[in-house]
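Hello,

Here is the structure I promised to pass on. Please open it first, then read my notes below.

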Amino acid sequence: MKRVVLKLSGEALGGKSGVGVDPIVITDLAKEIKAAYDLKTYEIGIVVGGGNFFRGRDAEKIGIERVECDYMGMTGTILNAIALKNALVQAGCPTKVLTCLELPQVLETYTVSEANKLLEEGNICIFAGGTGKPFFSTDTATLLRAVDIKASLVLMAKNGVDGVYDKDPNVDKNAKKYDILTHRDVLKEKLQVMDLTAASIADENDINILVFDMSLKGAIKTALEGKKIGTLIKKER
């Protein structure tokens, strides 16, 4: 069976405020993922951000060292992963969490072999703790996990943005949406859709990335059905 990694933003779990975990939002999200899981076409891994609790790049604003801020952000991804896991289990999806930050009293530490084993057993696998190292985004963590489990596709769910644009569509009404891009387009134009390290990893490992609006009902299932949605980013041929 093919594999996919779904990247979710932390802010999206916070609902309108973008802070903390909104129980209605995470319950609805779990139902959306369950509909995709029930297709039985992909084994599903998930990486969730921690921006609803803390963002490492805000370090200078509050005078905390960047490394410490990054670890705070990674801890936020663990909180989100535990909350999402419980919502998915209640929705009827067998789900496990692996973390790159060692927290043995709470969660199992991430290893490639354990991740592959859990997926093969039919579990949704949530990868928490980012990369486990400071200075790397959860976008980069997403692509690294995709490489580890040999995923052919990354679903990059955005909050209120339905794809990749040449300009910020929330600021410029004339912004142009792309239907298809290459990883090198993203790197060359420095499009603000993902961390450039993530785009480089995707290009080197021939992993397609689909950027779409997660607020659209049924969007995750639609994406896994291969229907047209969002912006597809693929390797240049």
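**Salt bridges and a helix pair**

This is a predicted model. The structure holds 13 salt bridges. Here are some of them.

K7 and D139 pair through their side chains, at 2.9 Å from N to O.

D38 and K34 form a salt bridge at 2.7 Å, N to O. D38 has 40% relative accessibility, so it counts as partly exposed.

K177 and D162 also meet in a salt bridge, at 3.7 Å, N to O. K177 belongs to strand β8 (residues 177–178), while D162 is in the loop between β6 (153–158) and β7 (164–165), so the pair ties together parts 15 residues apart in sequence. K177 is partly exposed, with a relative accessible area of 30%. D162 is partly exposed too, at 29%.

There is also a network. R184, D203, K235 and E236 are joined in it by salt bridges that share partners.

Now the helix pair. The axes of α2 (residues 23–37) and α4 (residues 66–91) come within 9 Å and cross at roughly 60°. That makes α2 oblique to α4. The crossing is right-handed. On α2, the contact is made by I26, L29, A30, I33 and K34. On α4, A83, L84, A87, L88 and A91 make it. By class, this contact has nine nonpolar residues, one charged and no polar.

Best wishes

How values were computed. Residues numbered from 1 in each chain as written. Predicted model: local features only at pLDDT ≥ 70, side-chain atom pairs only at ≥ 80, totals over all residues. Heavy atoms only, no water. Axes fitted to C-alpha atoms, helices over the stretch in contact; angles between N-to-C directions. Helix = DSSP H or I, 4+ residues; strand = E, 2+ residues; numbered from the N terminus. Parallel < 35°, antiparallel > 145°, perpendicular 65-115°, else oblique. Left-handed = near helix turned anticlockwise from the far one by under 90°. Contact = heavy atoms within 4.5 Å. Nonpolar A, V, L, I, M, F, W, Y, C, P; charged D, E, K, R; others polar. Salt bridge = Lys/Arg side-chain N within 4 Å of Asp/Glu carboxyl O. Buried < 20%, exposed > 50% of the residue type's maximum accessible area, 1.4 Å probe, protein only.
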